[in-house]
Every structure is written in C-alpha cells, then in structure tokens.
Amino acid sequence: MYKISGYADLNIPIGPGCQAACEAAIKCGYRTLAINTPIIAKNANGQNNSKKVGKKRKWEDRSSGIIASTAAQLGKSKEGIPPPASPDWIRKLTTENPGIRILQRLTLIFSDVNELQISFSHQNVKLYDIFAVIPTNHDALQACITSTAIVIDLISFDFEGPHWIQKLRINRNKGDLAAGKDLFFELTYASALHGDDSLQNLIYIANCLDENVCVKRIKNLILTSGASSSLEVKLPKDVVSLAYLLSLDEATARHCIREYTHRIIQKADSRKHGKTWAAFIPASSLSEKKDEVESVDFV
C-alpha cells in the first residue's frame, strides 16, 4: 500500500511538454502526479463522424483548445482507448525522486451517457488509475451525477475548447448527491492563462459550485494545473493565491490540492488493489517491542 502525503496535481495532459511539466511539478513540491489522457467518447467507440451535422453540432465537433485537440488526436487511435503511456522518463523520475508517485488518468469527453458506458467497457480502461469525464451538455452532466452504473472520480470542464457549457444548471440536491458518491468537481487553472474568456469561464464555474452546489461546505472540489508546459505549473502557495479569485479561502484551497486529492487517490487504490492490505513487520522489531514491555515495572 502506498503512503499518500503532500500536495498532488492530478491533471498533467499527455503531450510533448508532459515530461517537462512533471519535472517542474516535482520541483514545486508536488508528491503525487497524474498523467491525463483525454479521449472523445464517440471516437473511442469507432463511430463514423463523416455524416453531415447541423450548425449547432459543428461547434461541438470542432477541435480547438488544448484538451479538445489532444482528445481528438488520441481518439484517432485504432485501439479506441489506448493503454496508458509508459515512457522511460516516468520510471527515471520516480527512481531519482523517492516518494514521488505518478498515476495514470483517463478523461472521456462525452455528450451521451450511452457513449460513455460503451467506452468504459473497453479492455484498456482498467489499466488507468483515475477516471474523469467532461460532459458537453446539461443532460450529460446530470447523467454522470445521478447514474449508478458508471464509476467515475472527477467531473471536469473544458474552459477553452468547444465543449464549454454556457450556463451551468445544477442544484443543491445534485451537489449533495455528488458529495455522497464521493464524486469530485475539478477546476484547472492553466486554462485561465490562455485568455480572458477561459479565465471568466473558470471563475463562473467556481462561483456556481460555491453558491449552488457546495454552499460554503466544499468537500468535493479539487484544483489541478492541466499544464501542457513547465511554465504553467505553479507553486502550491501561488495556487492558494489564485484560489482567492475563485472565492476560496486559504484553508479550503489547501484542502483542494492536498486532502481532497488524497481521497481520490485512496479511492483509486481501493478500486485497483482492494480495500484491505497487509503490512509485513520484521520479527526482530516485534521481539524488541516485547522486551520493552516486559521491562516495564508496574506499581
């Protein structure tokens, strides 16, 4: 069983700058990282997208923004959902930095819950540690909160791409339901560095979650970088400062990059390795403890 400690960044997208971003995150003091592989669900299911679509659908099918473009590129894989990336530099980083852990995360962008269910039945899904989704409409958002047939850890948002939800409609009951299922919402701050529109979208979602969903009792929200380069990775203290723009106080912001991320990691470990574990203690240490107990004089 792994020991979970320190700050965690659970969203570093796979790509050319992934290694540099991971190295920068370790230097900033993050102890656990997650390499994010985003996939468009309908591409992963092998559906044909050559048919004509209406004007409203053209906006959703356009591949723009870092998340959307990466997902569109990976979605062209013949395997549908590719296995987690395992380059040599991951093993090198974990070897050179004892105590550092790098997880694998799968993010599915979907508009129909049926597409999501088919994607999760793929054989390569079980190779990932953390499961996240990006809903592209309100029906998809409601479905991933209320559905009991789909096991996910995170609900994320595309703040700069074509899958942005203009107006978030989610009430307090749905927020309580998500918290009861240990389902977390994710805010990525790197997208806010790419333009004013992305920053406004990030602040809008944060305020909606704060006012309508979490109601000052935020226990299922995390902050991640979503960094595609080393320059987009920020120190934990800088993330806490940024959280003030999102109406989060210092204590809550630190929980969002430490304690709450630990809960997601524990959930992933229990799903992959089981909820019970055994610890092996050398017999010599047990005999020493026994001698100490026998040497104590009781009055």
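Tutor: A cavity is a set of grid points where a 1.4 Å probe fits but cannot get out, and in this predicted model there are 2 cavities of 30 Å³ or more.

Student: What makes the second largest cavity count among those of 30 Å³ or more?

Tutor: The cut-off is 30 Å³, and the second largest cavity has a volume of about 50 Å³, so its space is a set of points where the probe fits but cannot get out and its volume passes the cut-off.

Student: Why are residues such as Leu-187 and Tyr-189 called lining residues of the second largest cavity?

Tutor: A lining residue has an atom within 4 Å of a point of the cavity, and Leu-187 and Tyr-189 are on the list for the second largest cavity, which also includes Thr-188, Leu-202, Val-239 and Leu-246.

Student: Which elements of the chain supply at least two residues of that lining?

Tutor: Strand S6 (184-188), strand S7 (221-224) and helix H10 (236-243) each do, and the largest share, 3 residues, comes from H10.

Student: How do you know how the lining divides into nonpolar, polar and charged residues?

Tutor: Leu, Val, Ala and Tyr count as nonpolar, whereas Asp, Glu, Lys and Arg count as charged, and by that rule the lining of the second largest cavity has 8 nonpolar residues, 2 polar and no charged.

Student: What share of the protein chain counts as buried, and what makes a residue buried?

Tutor: A residue is buried when its relative accessible area is under 20%, and 48% of the 299 residues of the protein chain count as buried.

Conventions
Residues numbered from 1 in each chain as written. Predicted model: local features only at pLDDT ≥ 70, side-chain atom pairs only at ≥ 80, totals over all residues. Heavy atoms only, no water. 1 Å grid on protein atoms, 1.4 Å probe; cavity = no way out; pocket = protein on both sides within 12 Å on 5 of 7 lines; lining within 4 Å. Points joined across faces, edges and corners; volume = space filled by probe spheres on them. Helix = DSSP H or I, 4+ residues; strand = E, 2+ residues; numbered from the N terminus. Buried < 20%, exposed > 50% of the residue type's maximum accessible area, 1.4 Å probe, protein only.
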